[in-house]
Amino acid sequence: MKTTGKEIRSHCAVNYGVEIFGDRWSLLIIRDIVFAGKKTYGEFLKSEEGIATNVLASRLAFLEAQGILSRVPSPDDGRKDFYTLTEKAWTSFPSC
């Protein structure tokens, strides 16, 4: 995971996420997976925050490269990928 080299001020999960990712879009994608059950690029794109397509693609790639998301092709439609949180993601955030 990306670190800024500075001390984390609070170990609350929300603050920790902001400190590590420094990006609201990454946190909103994680929120959508956890609380809204979203799994696909198209579902993330429909979020009310209005993320741009290039930003969404970049954030998904970043989160996958960091080991936070895993991407699996849809068994029904090879053009779709399903994104899920990895075990690393679930264990990376301490509880508040």
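Biologist: Is Leu 69 buried or exposed?

Modeller: This is a predicted model, where local features need pLDDT of at least 70, side-chain atom pairs count only at pLDDT 80 or more, and totals for chains, interfaces and linings use all residues. Residues are numbered from 1 along each chain as its sequence is written, and side-chain values use heavy atoms, without hydrogens and water. Buried means under 20% relative accessible area, exposed over 50%, partly exposed in between (1.4 Å probe, protein chains only). Leu 69 has a relative accessibility of 2%, so Leu 69 counts as buried.

Biologist: Which strand holds Leu 69?

Modeller: Strands are DSSP runs of E, at least two residues; helices are runs of H or I, at least four; both are numbered from the N terminus. The run holding Leu 69 spans residues 69–73. That strand is β1.

Biologist: How far apart in space are Leu 69 and Thr 84?

Modeller: In sequence, they are 15 residues apart. Leu 69 also touches Thr 84 (contact: heavy atoms within 4.5 Å; residues up to four places away in sequence not counted). C-alpha to C-alpha, the distance is 5.5 Å.

Biologist: What is the volume of the largest cavity?

Modeller: On a 1 Å grid over the protein atoms alone, a cavity is a set of points where a 1.4 Å probe fits but cannot get out; lining residues have an atom within 4 Å of a point. Points are joined across faces, edges and corners, and a volume is the space filled by probe spheres set on them. The structure holds one cavity of 30 Å³ or more. Its volume is about 60 Å³.

Biologist: Which backbone oxygen does the side chain of Ser 47 reach?

Modeller: Ser 47 lies in the loop between α3 (41–45) and α4 (53–65). Its relative accessible area is 9%, so Ser 47 is buried. At 3.1 Å, its side chain reaches the backbone oxygen of Phe 44.

Notes:
A polar contact is a pair of N or O atoms within 3.5 Å; within protein, one must be able to donate a hydrogen and the other to accept it, and residues adjacent in sequence count only if both atoms are side-chain atoms. On a 1 Å grid over the protein atoms alone, a cavity is a set of points where a 1.4 Å probe fits but cannot get out, and a pocket is an open set with protein on both sides within 12 Å along at least five of seven lines; lining residues have an atom within 4 Å of a point.
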